[in-house]
Amino acid sequence: MTYPARRYDGDAGEALATIRRHDAPPDVTYANGSTTEYFATGASTGGLFGLYRWTMSPMAGGAAPHFHRTLAESFLVLDGSLTVYDGRTWLAAAPGDFVHVPPGGVHGFRNDSGGVVRFLIHFAPGAPREAYFDGLARWGYEGRPSDDEVAEFLRQHDNILV
């Protein structure tokens, strides 16, 4: 493994850092009270990665077993107990537990606990996942679309259910 191709050719560096303050409002609020914060999007990182924080309400649903063809996805549990499917079984992931799923890896997640769970989701490369999470939130308020519309939505967002 070697370093990737150079992405910056300047000699002095530049003031390019961004900050998202801890008290910024969530980007998405779901009908069940869960929230998602887009810390870094594929657009803001030049396609390198995406990093979001989910705060899931007690007993909130989540993602059924699925895989992605185009991206890797990782989870870092911050608070609570996140139930994660590792392609074989559902496991309880505790604060500090890290799960990495390469492209093609079957996975899922949900909150089976009676408490709130907070975790980071990291995608690489930085696909435009915001439209996926925004769409899921919209279904909670407006109702689930037809099976054909759901299938097309999942196809557009590289979610292959198993």
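Colleague: Why is Phe119 called buried?
Modeller: In this predicted model, Phe119 has a relative accessible area of 0%. Buried means under 20%, so Phe119 gets that label.

Colleague: How do you know what to call a pair of rings?
Modeller: A pair of aromatic rings is described by the distance of the centres and the angle of the planes. A search of the whole structure turns up 15 aromatic pairs.

Colleague: OK, what makes the pair of Phe75 and Phe109 tilted?
Modeller: The centres of Phe75 and Phe109 are 5.2 Å apart, and pairing needs them within 6.5 Å, so they pair. The planes are 55 degrees apart. Stacked is under 30 and edge-to-face is over 60, so this one is tilted. Phe75 sits in strand S5 and Phe109 in strand S9, 34 residues apart.

Colleague: Then why is the pair of Phe109 and Phe119 called edge-to-face?
Modeller: Here the angle between the planes is 70 degrees, with 5.4 Å centre to centre.

Colleague: What makes you say Arg110 lies over the face of Trp90?
Modeller: Arg110 is 3.8 Å from the ring centre of Trp90, and the distance limit is within 6 Å. Arg129 also lies over a ring face, that of Tyr132, at 4.6 Å from the ring centre.

Key:
Residues are numbered from 1 along each chain as its sequence is written. This is a predicted model: local features need pLDDT of at least 70, side-chain atom pairs count only at pLDDT 80 or more; totals for chains, interfaces and linings use all residues. Side-chain values use heavy atoms; hydrogens and water are left out. Rings of Phe, Tyr and Trp (its six-membered ring) pair if their centres lie within 6.5 Å; planes under 30 degrees apart count as stacked, over 60 as edge-to-face and the rest as tilted. Helices (H or I, at least four residues) and strands (E, at least two) are DSSP runs, numbered from the N terminus. Buried means under 20% relative accessible area, exposed over 50%, partly exposed in between (1.4 Å probe, protein chains only). A charge sits over a ring if NZ of Lys or CZ of Arg is within 6 Å of the ring centre and within 35 degrees of the ring normal.
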